[in-house]
Amino acid sequence: MNENNLKVLVGGTIIDGKGSDLIQDQAIIIEGKNIKDIVNINSISMDKKMDCTLFNLKGQYVMPGFIDTHTHIQMSGEQSEIQNFRESIPKKTLRAAFHARKTIEAGFTTIRDLGAEYLIDLGLRDAINEGLLVGPRMFVSGYKIMPTGADFPIYSPEVKIEGQHTMDSPEEIRREVRTLLARGVDLIKVMTSGRTFRETSSPDAYALSLEDTKIAVQEAHNQNKKVSAHAHGKKGVKIALQAGCDSLEHGTILDDQDIEMMLKNDVFLVPTLSYGKHIEMLGEKCTLPKYAMKKAIKSRKNRLNSFSKALKSGVKIAMGSDSGMPFVNHGENVFELIAMVEAGLTIMQAIQSMTGWAAELIGVSDKIGVIAPGKLADIVIVDKNPLKDISLLYSKENIKGVIKEGKIEIDRGLKKKNS
Ligand SMILES: [Zn+2]
């Protein structure tokens, strides 16, 4: 067995992603891509001649690889719409690769990406899986399933923009979902409400109708793929839940009946608090148009209410930063945890929302999300105790190492002891 194949992480305090008490004095044995075993530190000798690479993690913390369940890896919140239009597809693709690198540097070994242009998400996912690029494992949705007017602005009739897909009939929706599934997406993203971000789109109005959403869900579930619903207002939330979507993104207005339905059908809430919190923090300094700010602030107030109601009722929560939105930068995904803790999650729950619970939402908890024998070795090594202060995870210098499928992808001074 060669050295690279067997790694032993010795002595770090384990935060396992299941919400258990801290686990001390253990050694995690990684063989190839997987966690082979977790044994007592006494059965491992740092001096003994072993055919492996030993890491001395005494005083450090070992966590499952982080998972962000709502990203837009191709989008850049720093770019204006005009800049985005002027950028070529190759440049957009390279930019997405750069974002992927930033994301794994922050400890995120997995993302669920919910809407990219030109199927850049699929290409990036495959390039990372092939080992051409360093980045997180990606679960992608391709284009969003949405009707005219829900997202993209409408321009003068003589302006033609390619690649902005919208669907307005049951036939178009069925064809688009089937096409995406055949192209190899991992899930389907639908918009059942409008957006807070666009001037001409209302978060209170529905986007896809109930009938249309049911078609998307039927086709996705038929192929064992989940459906994520962008849903803000009352109408959009009810359509998403009645159609059988698996997660609500944003979930701005939730009444008791909605929460009951989420509990009954195991529907996750991904509250995406970062964007609104940034706008609130920026106040007058915010550079967005007034209408976008107004809608975001109103949405934030409602969302915090709904989030706290859902949390108290026991609705499952997964962390999703919505990175790629203005001010929500790739690589700063942990800001969402800070926002969720401020809104009522305990730090341990926040950690679960980006590890064990996030893996459950994606449908991969048999492989990732927790530190346990038999799982893929996706591991983040942290210098300080995040349970004392979640914002410690926000500073890259505290993230000492990131291991994805047994491979050290990021090393900021791990203490290696080769024998
Ligand atoms: Zn989003």
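## Terms and basis of the model

Two strands are taken as paired if DSSP finds at least two bridges between them. Strands (E, at least two residues) and helices (H or I, at least four) are DSSP runs, numbered from the N terminus.

The model is predicted: local features need pLDDT of at least 70, side-chain atom pairs count only at pLDDT 80 or more, and totals for chains, interfaces and linings use all residues. Residues are numbered from 1 along each chain as its sequence is written, and side-chain values use heavy atoms, with hydrogens and water left out.

## The parallel sheet

An open sheet with parallel pairing is formed by four strands in the order β10-β11-β12-β13. β10 (187–191) and β13 (268–270) each have a single partner strand and stand at the edges, so one side of each lacks a neighbour in the sheet. From one strand to the next, the twist averages 25° (axes are lines fitted to C-alpha atoms, for helices over the stretch in contact; angles run from 0 to 180 degrees between N-to-C directions).

β10 and β11 (residues 226–231) run parallel and are joined by five bridges. Met-191 has His-230 in β11 as its bridge partner. Helix α6 (residues 234–243) lies across β11 and β12 (247–250), at about 170° to β11; contact here means heavy atoms within 4.5 Å.

## Aromatic pairs

Rings of Phe, Tyr and Trp (its six-membered ring) pair if their centres lie within 6.5 Å; planes under 30 degrees apart count as stacked, over 60 as edge-to-face and the rest as tilted. The count comes to two aromatic pairs. Phe-66 and Phe-108 form an edge-to-face pair, because their ring centres are 5.4 Å apart and their planes stand at 70°. This pair links distant parts of the chain, with Phe-66 in strand β7 (residues 66–71) and Phe-108 in strand β8 (residues 108–113), 42 residues apart.

Phe-66 counts as buried at 0% relative accessibility, and Phe-108 counts as buried at 0% (buried means under 20% relative accessible area, exposed over 50%, partly exposed in between; 1.4 Å probe, protein chains only).
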